[in-house]
Amino acid sequence: MAIKKKRYALVIDSRKCINCKACVVACKAENKVPVGNFRNRINEERKGEYPKLSINFEPEQCHHCADPSCVRVCPTGASWQRKDGIVLVNYDECIGCRYCMVACPYDARYFNEEEGVVDKCTFCSHRVDKGDIPACVETCPSKVRVFGDLEDPTARIHELLSTRRYRVKEPQTGNGPQLYYLL
Amino acid sequence: MGTIRMDRRLFLKSAGATAGAVAATQVGCLRYFKKGRSSAAETKEIPTTCELCPNKCSAIAVVEGGFVKKLNPNPENPKSRDMLCARGNAAIKQVYDPDRIKQPMIRVGARGEGKWKPVSWDEAFDFAAKKLSEVKDKYGPQGTLWSSTEGFQEVFFKNLGLAFGSPNLVRHPTLCLASVNLAYSATFGTVPSFDLLNSKFVIMSGANRFESIITPDTMDLIGGVMERKAKLVYLDPRFTVTAAKADEWYPIKPGSDLAFILAMIHVIIKEGRHSKDFVATYTTGFDQLAEHVKQYTPEWAEKETEIPAADIVRIAREFADAGARALYYAGRRSSWYQNDFQMRRAQAILNAIVGNWDQMGGMVPNAKLPKGEFLFMPWDEPKAPRVDEIETAFPLAAKGDGVYLKLRENVLSGKPYPVKGWMVYKQDPMNSLPDQAKTMKMIDQMDFIGVIDVQMSDMAWYADVVFPESAYLERTDPVEVMPGIWPAVVFRQQVVKPIHDTKPNLEIVQGIAKRLGLSDYFDYTIDQWVEAEFKDLPIPMAAEHMKKHGVWAASGQPSYGKTLNSDHRFVTKTGKIELFSERLQEAGHDPLPVYTAQPQPRNDQFRLILGRVGYFTHANQSNNVWLHEFVKENDLWINPKPAERLGIRDGAYVNVSSSVGSVKLKARVTEEIRPDCVFMLHGFGKKSKMQSLVYNVGASDAVILETAWDKVSGNAAFHETFVKVANA
Amino acid sequence: MHEFNWGLLIVVYLFLGGLSAGLFFAAGLANYLTVDDKPVYAKVARMGALLAPWPVAIGSGLLILDLGNWYRFYKLFLHFRWQSPMSIGSYLLTIFTLIAFVYLFAWLKEDERKWIFSKIPATWKQVHRLNVDISSWREKIAMVGFPFSIGVGIYTGVLLGAVSARPFWNTNLVAQMFLFSALSSGSAALLLAMLLDRKNPVEKHETKFLVTLDVVFISLELFIILPYIIHGQLSSQAVKDALTLILGGPYTVVFWVFFLFLGLLVPLAIEVYELFPSIFKGREFHGSRRMALTAAGLVLFGGFLLRYIFVYAGQVSSFHRMGLLR
Ligand SMILES: Nc1nc2c(c(=O)[nH]1)N[C@H]1C(S)=C(S)[C@@H](COP(=O)(O)OP(=O)(O)OC[C@H]3O[C@@H](n4cnc5c(=O)[nH]c(N)nc54)[C@H](O)[C@@H]3O)O[C@H]1N2
Ligand SMILES: Nc1nc2c(c(=O)[nH]1)N[C@H]1C(S)=C(S)[C@@H](COP(=O)(O)OP(=O)(O)OC[C@H]3O[C@@H](n4cnc5c(=O)[nH]c(N)nc54)[C@H](O)[C@@H]3O)O[C@H]1N2
Ligand code: SF4
Ligand code: SF4
Ligand code: SF4
Ligand code: SF4
Ligand code: SF4
Ligand SMILES: [Mo]
């Protein structure tokens with residue numbers, strides 16, 4: 001059987017996000033993210049004057065960019081991208097210069113003080129490779145996030161992206177971000 | 001922010017090209033950090049049941065080398081809807097918390113001074129048994145108080161109290177949902193569930209479902225409101241997350257929800273929009289109700305609630321039009337005002353007249369599943385009357401749960417008799433009761449206090465002996481049936497061995513019982529207990545199934561309408577749904593909800609209101625490192641208008657004082673609250689130094705909350721406190 | 001969430017790297033300039049040569065210490081990644097540092113050279129073989145070194161300028177700005193060193209040479225900074241937003257008062273004032289020592305601030321909504 005090409009992406013229905021941060025803690029446990037660091041976050045936008053108010057919550061993590069600037073600037077090749085689009089850090093090669101952090105337009109990376117290396121969301125590649133979904137996707141009470149392979153026409157994200165309007169964040173960075181926010 | 005629709009083929013091409021080029025030069029896969037991992041360690045997945053709040057979600061623990069690495073949601077439990085919340089995920093840190101109590105401890109300094117002597121379990125048991133016996137000798141078994149909050153092992157604790165001979169068991173419901181339960185029971189003879197997944201129109205009075213997580217309601221509300229576009233109307237003096245997601249939010253004047261509901265009933269009946277067939281077939285007292293609500297016009301309610309009359313009329317019409325699929329959601333922490341019971345009852349009545357009973361998208365009586373029971377040796381019923389005088393003061397209330405605040409008053413006054421020994425299980429009265437100074441007085445006058453907890457709570461900090469219970473991931477608990485629209489049976493089994501010298505509650509109870517000569521009543525192991533419970537589960541190989549799956553749920557869709565036949569008898573006096581209640585009348589209460597305006601704060605005062613965030617349970621998880629990251633210190637929400645008047649700046653410290661106490665915390669000047677209210681979060685300003693992240697950080701609301709209770713149920717009324725706020 | 005990933009060490013590193021580049025450039029230039037075939041600036045050239053390698057060496061050391069895993073720095077040289085300015089820069093910097101040290105060696109006097117080798121154990125035969133006089137190579141080394149010094153000067157700017165994620169940086173003007181700032185810092189540092197060297201009092205024509213050099217570089221720098229701001233204003237919203245960091249935002253005062261005014265315009269004014277009579281009135285140059293000291297000091301101060309402002313403000317700037325920094 002021919003190996004099919006994959007392109008992983010995440011569709012986010014942020015209207016459904018209730019800022020419960022289950023995804024943040026799930027990631028912390030799954031990936032041993034140190035206290036004080038985060039691979040994912042919930043951006044908050046609070047607006048208005050009493051009693052006309054609104055709050056928007058918007059989950060964000062590494063966008064696993066199509067053309068990732070973090071990979072481009074890395075002097076050692078520690079930051080790299082898999083064929084399926086997942087952007088990873090090879091911890092053994094990382095010298096901890098933090099150039100990639102500065103170069104990420106989405107502030108998706110953090111510096112692991114203890115290990116002296118840079119880290120970030122891996123799309124839970126170790127889970128995905130076993131056929132599971134990422135920890136943050138699985139635990140979410142509102143099922144805000146839908147993870148899948150854009151190359152797979154039967155994937156739910158395919159259906160969502162073909163039937164709903166969406167946007168990506170700051171496309172002008174030229175990075176080709178792969179988190180799709182449903183409108 | 002730019003909104004674009006990208007050409008997918010285009011970016012896929014470029015994605016593929018760069019990805020391929022980069023990846024081609026790389027070999028190997030992701031390597032984990034070496035620390036704390038050994039690749040040789042085998043990974044096990046053990047299903048269990050989350051304990052960090054009352055929801056009991058099903059979880060699957062991933063265990064690696066004897067270490068709980070991760071908790072994943074277990075999709076087999078329909079109630080938990082395939083999720084774990086932040087707290088559920090952070091339960092790992094409950095086990096590996098450096099602040100944990102690592103062995104039994106006996107107090108050596110003054111109470112609350114924090115001088116402890118680590119002791120063996122034998123010493124701890126001997127000490128407790130000796131002290132309890134001393135109290136019993138002096139004051140009789142009724143001289144001891146056994147207070148606890150729900151939990152799978154609570155049964156053993158309660159049984160110890162009863163076997164010891166004390167009538168004084170007091171549980172959390174009168175701090176929580178007693179008035180809701182009583183109001184719905186008084187109307188329907190049972191407390192139903194709310195089918196939010198299928199409802200079309202939902203109204204919620206301060207049930208902050210998107211932060212106060214209740215399964216499956218929170219998830220179903222997202223499914224209903226956000227996916228199916230059902231309508232949600234939300235009333236709350238605060239702009240909560242639920243308010244932010246609602247279609248309409250009204251910052252209702254606190255304490256006036258009853259007026260809003262009565263006016264809705266008024267409109268619906270006046271316009272004949274109620275479900276006439278349903279009312280005729282299943283209810284009694286409609287005529288009295290119709291007569292009674294004539295006075296409650298929308299215009300009148302507008303003045304009480306500050307919600308425009310036109311909106312009340314419109315909402316009432318929309319609600320009635322949604323009929324069987326309209327829901328006035330009950331809420332849970334009904335501990336608000338002294339008229340709480342009547343407010344909840346008005347909701348029940350409103351629900352009844354639109355005919356949403358036992359309907360898809362309406363209120364549904366809970367389905368149950370059978371399980372076996374372990375038969376143990378029975379003891380004699382305690383002879384003395386209860387110290388809270390529940391039989392006379394609150395004849396309708398649930399006897400087994402007691403009435404907490406009345407009980408505290410009586411213990412303090414020593415009437416009707418002295419209570420001098422206090423055993424506490426899985427409860428933190430220092431923080432969950434109002435007026436902490438009063439609770440401390442109660443502590444002061446005790447000859448003995450023993451606390452069983454998984455961490456050094458403030459209550460444990462003031463105890464004479466602390467028994468550290470193993471965390472839920474370290475123990476096996478009794479089997480629990482979770483009734484509901486989607487009922488399930490859940491099992492909590494040991495995931496890892498206790499990492500410290502802790503014991504499950506049953507063994508603690510047995511240790512004390514043995515020294516009190518009560519061993520015969522506790523002559524079993526947890527395994528025998530759960531085996532007996534497995535026996536009657538209507539599934540083959542029940543024990544194996546439960547150990548392997550952690551949950552069993554009846555398959556298939558919920559069945560609606562089982563009670564909808566004209567000869568169904570509701571468990572009420574008349575066998576009907578009682579819009580008008582003779583039982584209430586006989587007990588000296590209003591048979592129909594009568595509105596009395598609640599006192600409102602003076603100009604220089606604010607009403608202190610309470611509520612939750614999704615990251616903590618009550619006051620008890622603010623010391624969990626993974627949750628503490630989200631809120632490191634609590635603050636006082638105050639509207640910019642009064643803040644400006646008082647010269648209070650965002651982030652500056654303020655003194656907040658009531659008639660019973662005063663606290664200092666930071667101000668959060670925010671538009672997200674009514675100008676006449678202030679709000680603060682629970683779980684900070686801890687007195688226990690073994691809550692090191694929140695010890696003396698922020699402030700505890702229990703210090704300034706005043707004592708008040710609902711007249712019918714005895715439920716604590718937590719929102720009756722007026723405070724003054726001034727720059728510190 | 002957003003935090004400063006690069007801190008003061010990076011600022012110092014960028015400053016010192018540029019300083020070395022500037023020192024080498026000025027020293028090399030001095031070596032080439034002759035009047036009537038006589039190397040009139042030999043003292044300047046020697047001073048520059050002696051100083052040039054040290055800042056960059058120290059700076060690189062600091063950079064390595066700043067790494068999360070400093071002992072892995074060698075990995076920089078196991079890869080060559082043409083898209084990564086840092087990868088290219090590492091090679092550039094290493095080669096430049098080596099050249100600068102060789103150049104220094106070429107400028108040592110015989111007794112100095114002998115003294116150094118006398119400290120090296122006699123058994124280290126291979127090392128003693130290096131004890132040769134290469135003073136005749138000076139010009140050739142300088143020639144080879146020029147492009148590398150310019151490269152290093154530009155690199156310190158490209159390191160930032162190539163980061164497309166930071167609108168404050170992402171223009172090619174940053175590289176030029178950093179280059180001219182580096183060159184001006186180098187000449188100022190050289191001037192300062194000459195002025196402070198009491199044993200060999202600086203001569204008027206030497207001062208004049210360095211001051212003139214500095215005036216040229218400062219002017220060039222100024223002509224980059226103005227377009228940088230104007231161009232930014234005409235650019236995309238993100239860049240405009242980014243510029244508010246120095247146009248009303250938290251870096252406004254450092255930028256306008258301390259960097260632009262004190263670090264650039266004031267020294268320029270002093271230097272022009274000093275040069276004015278000798279250039280336009282044909283009078284002899286009468287540089288005041290105190291004035292020259294002040295100007296040189298201010299230029300160095302400004303050069304440092306420029307890096308400071310760019311490193312910090314640049315990290316705050318983002319395509320995200322501004323003000324993520326909390
Ligand atoms: N100010 C204020 N007071 C309130 C409320 C409020 O919102 N604000 N809410 C009210 C409501 S609704 C309720 S339900 C009550 C709840 O009040 P409580 O029942 O007192 O609170 P919990 O946080 O459920 O539990 C308290 C203790 O149980 C311990 N515990 C947790 N798990 C275990 C376990 O497995 N074994 C043992 N032995 N101990 C365990 C915790 O460490 C904690 O110390 O509070 C009420 N009081
Ligand atoms: N994350 C999390 N979830 C929990 C818990 C937890 O501790 N943490 N605890 C669980 C328990 S035991 C319970 S009882 C439930 C409680 O869940 P809820 O019943 O939702 O109670 P609270 O979250 O306390 O919310 C009370 C809300 O009422 C508002 N309010 C105050 N006064 C008035 C008023 O006069 N009228 C109206 N309309 N609103 C008013 C307050 O601002 C507050 O937002 O949550 C459960 N779920
Ligand atoms: S778990 Fe889901 S709902 Fe909760 S914060 Fe994360 S994305 Fe939002
Ligand atoms: S979001 Fe940042 S870290 Fe993630 S791939 Fe894109 S540039 Fe790299
Ligand atoms: S910190 Fe590591 S991953 Fe990032 S650029 Fe430097 S070497 Fe590459
Ligand atoms: S995909 Fe995995 S690594 Fe990325 S944020 Fe989610 S849980 Fe964390
Ligand atoms: S709601 Fe959260 S804390 Fe409560 S049982 Fe479920 S996972 Fe545990
Ligand atoms: Mo509760």
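Modeller: Two residues are in contact when heavy atoms of theirs lie within 4.5 Å. This is a predicted model, where local features need pLDDT of at least 70 and side-chain atom pairs count only at pLDDT 80 or more, while totals for chains, interfaces and linings use all residues. Residues are numbered from 1 along each chain as its sequence is written, chains are lettered from A and ligands numbered from 1 in the order in which they are written, and side-chain values use heavy atoms, with hydrogens and water left out.

Colleague: Which residues does Q342(B) touch, not counting residues up to four places away in sequence?

Modeller: With those set aside, Q342(B) touches L258(B), H589(B), D590(B), L592(B) and P593(B). Q342(B) belongs to helix α13 (residues 340–353) of chain B. Helices (H or I, at least four residues) and strands (E, at least two) are DSSP runs, numbered from the N terminus.

Colleague: Is Q342(B) buried or exposed?

Modeller: Buried means under 20% relative accessible area, exposed over 50%, and partly exposed in between, with a 1.4 Å probe and protein chains only. Q342(B) has a relative accessible area of 7%, so it is buried. Another case is S184(C), in helix α8 of chain C. S184(C) counts as buried because its relative accessibility is 2%. Leaving aside neighbours within four places in sequence, S184(C) is in contact with D214(C), F217(C), I218(C), E221(C) and V299(C).

Colleague: How are two packed helices described?

Modeller: By the angle between their axes and the distance between the axes. Axes are lines fitted to C-alpha atoms, for helices over the stretch in contact, and angles run from 0 to 180 degrees between N-to-C directions. Here α7 (residues 138–161) and α8 (residues 173–196) of chain C pack at about 140°, with their axes 7 Å apart. That angle makes α7(C) oblique to α8(C). Angles under 35 degrees count as roughly parallel, over 145 as roughly antiparallel, 65 to 115 as roughly perpendicular and the rest as oblique.

Colleague: Which residues of α7(C) and α8(C) make the contact?

Modeller: From α7(C) come I150(C), G153(C), I154(C), T156(C), G157(C), V158(C), L160(C) and G161(C), and from α8(C) come V174(C), A175(C), F178(C), L179(C) and A182(C). By class, the contact has nine nonpolar, four polar and no charged residues. Ala, Val, Leu, Ile, Met, Phe, Trp, Tyr, Cys and Pro count as nonpolar, Asp, Glu, Lys and Arg as charged, and the others, Gly among them, as polar.

Colleague: Which residues are around ligand 6?

Modeller: A residue is near a molecule or strand if one of its heavy atoms lies within 4 Å of it. Around ligand 6 are, among them, C27(A), N31(A), R39(A), C121(A), C124(A) and C136(A). Helices α1 (22–31) and α5 of chain A each supply at least two residues of this shell. The shell divides into seven nonpolar, four polar and one charged. Ligand 7 is surrounded by residues of chain B, including C50(B), C53(B), C57(B) and C85(B). Its shell has seven nonpolar, two polar and two charged residues.

Colleague: Where is the place of K143(A)?

Modeller: K143(A) sits in the loop between α5 (135–139) and β8 (145–149) of chain A. Its phi is near 50°, a positive value in a residue other than glycine. K143(A) is partly exposed because its relative accessibility is 28%.

Colleague: Which residues does a cis peptide bond join, with omega about 0°?

Modeller: In chain B, K415(B) and P416(B). P416(B) is in the loop between α15 (404–413) and β15 (421–425). In chain A, the bond from Y50(A) to P51(A) is cis, with omega near 0°.
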